[in-house]
Amino acid sequence: MKSIKTISCYLLAVMIAAGLSSCDKVDYPDRYQSTDGVPTIFGVRYADSDTHIEQAFMEDVICIMGENLRSVHDIWFNDQQAILNTSYITDNTILVQVPKTMPVEETDKIYINTVSKKTVEYSFRVLPPAPRVQSISFEYAQDGEEVTIYGNYFYQKADSPLVIEFPNAVADAVADADITLTSVKVKVPAGAQTGKVKITTASGTGASEFVFRDDRGLLFDFDGTNGLYTANKGWHAVPIVEGIGVGGSSCIMMDASGETFSADGADWHDGTCHFEYWAGNWQDPETYGTWDGRRLIDIVDFTNYGSMVLKFEVMIPESNPWTGCPMQIIFSDVTLVSNGNAGAIDIYGNVLGGCNNTYFNDASISLPRYMWRPWADGMTHTSGKWVTVSFPISGFTSFWNGGSATGKLTKESFANLELFFAGGGTSEGSPCSPIVYVDNIRAVPAK
């Protein structure tokens with residue numbers, strides 16, 4: 001399959017130079033004159049080769065060959081009009097770029113309209129680029145469970161079905177009704193394992209940016225199997241519930257069913273809906289221990305945090321939807337807050353901030369964080385199902401009040417983590433009493 005081509009600056013310069021050199025100095029600029037009649041099309045080739053083709057990718061530059069081509073007024077690929085430059089039209093050739101917009105209706109034809117408003121049709125298929133596989137509704141889905149894969153350029157034709165390959169297993173054929181340009185629904189095939197998901201169309205194969213059943217960068221699994229099991233490493237203890245988490249394991253339950261969040265986040269909600277992990281074990285000097293109490297940077301390498309994402313699974317029951325008040329997601333270093341006494345020294349020479357509730361809304365620090373407002377994107381609950389959510393660390397730019405933070409994150413900032421509902425200074429949404437289950441908090445490369 002030939003890869004997508006575009007006119008390079010060099011090729012364009014050569015074309016323009018050739019056109020100018022052929023101009024009569026007296027008549028410059030060259031006068032393009034249309035002709036009468038109807039064109040005859042002999043075939044199509046790539047602009048930079050003699051290979052005859054019957055299909056091309058969007059944005060490819062092609063050469064239409066024939067006779068009386070100066071009679072052409074406009075050209076359409078399916079129902080998308082191409083941009084014509086008369087400098088690249090002769091009696092026998094037209095250089096044109098295939099439109100980059102997907103057609104509403106695919107006819108697999110080029111429509112060539114003349115100055116005299118006659119139309120010549122030519123069979124030619126336009127292909128989108130290879131699939132782009134960007135995310136999946138639930139990264140930890142079990143075999144047989146239906147998921148939605150999101151991306152771009154998903155399509156299939158009768159002679160070229162879309163194929164979805166999970167690691168070690170290929171999914172069953174997908175019905176046309178389950179495919180849109182940017183999403184596809186599929187059941188996880190039996191035997192699927194951890195790794196990249198691949199989707200193949202007539203345009204080629206694209207591998208996922210995510211890792212299915214990702215086991216990298218796990219910070220908290222709330223089972224103590226591969227990640228931390230922490231009910232209370234701060235001032236508040238969110239409940240850890242058994243048998244509800246991803247795969248039937250444990251998870252935390254951020255429970256606001258007994259109170260009401262204001263839509264603007266003006267209330268300060270602690271207690272059972274505030275998850276805190278402050279590194280430390282009340283030592284001086286602080287060693288952080290060998291398991292619980294460690295700094296998160298001792299578990300996951302955050303050196304390239306700007307190209308990483310924080311991910312976790314959430315489940316929001318329909319009975320307790322989340323319709324207002326943002327969740328603040330905050331990383332911090334041990335000099336700002338720690339699980340122990342302020343002023344203690346750790347084994348790295350850091351003076352610890354100790355337990356406090358001032359660092360995260362201190363304007364002089366202006367610590368960056370992520371403000372998550374899922375209802376603003378139409379998600380108020382997950383119908384009682386687990387879904388995967390993702391937050392680029394490069395997007396941790398907000399302050400307590402919803403404005404832009406002036407502080408900066410560094411590698412050392414990724415020692416602690418907090419999730420809680422408050423602030424944001426927004427009037428979006430409506431008052432609510434949500435329940436939000438969270439599992440498998442992890443930090444992984446974005447791609």
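Four strands make up an open sheet with the order S20-S25-S22-S23 and antiparallel pairing. Strands are DSSP runs of E with at least two residues, numbered from the N terminus. Two of them count as paired if DSSP finds at least two bridges between them. The edges are held by strand S20 (274-277) and strand S23 (370-372); each has a single partner strand, so one side of each is left without a neighbour in the sheet. Neighbouring strands of this sheet are turned by 15° against each other on average, direction ignored. The axes behind such angles are lines fitted to C-alpha atoms, and angles run from 0 to 180 degrees between N-to-C directions.

The model is predicted; local features need pLDDT of at least 70, side-chain atom pairs count only at pLDDT 80 or more, and totals for chains, interfaces and linings use all residues. Residues are numbered from 1 along each chain as its sequence is written, and side-chain values use heavy atoms, with hydrogens and water left out.

Gln328 lies opposite Phe420 in S25. Strands of a sheet pair through backbone hydrogen bonds, either parallel or antiparallel.

A further open sheet contains three strands in the order S1-S3-S6, again with antiparallel pairing. Strand S1 (40-46) and strand S6 (93-97) are the edge strands. Each has a single partner strand, so one side of each lacks a neighbour in the sheet. On average, neighbouring strands of this sheet are turned by 25° against each other, direction ignored. S1 and strand S3 (residues 61-67) run antiparallel and are joined by six bridges. Across this pairing, Thr40 stands opposite Glu67 in S3.

Strand S15 (residues 198-201) has pairings with S12 and with S16. Strand S12 (residues 163-166) pairs with S15 in the antiparallel sense over three bridges. In S15, Ile199 is the bridge partner of Ile164. Strand S16 (residues 204-207) also pairs with S15 in the antiparallel sense, over four bridges. Thr200 stands opposite Thr205 in S16. S15 and S16 form a hairpin, with two residues between them.

The faces of S15 differ in cover. Ile199 and Thr201 form the covered face, whereas Lys198 and Thr200 form the uncovered one. In a regular strand the side chains alternate between the two faces of the sheet.

Terms used: Buried < 20%, exposed > 50% of the residue type's maximum accessible area, 1.4 Å probe, protein only.
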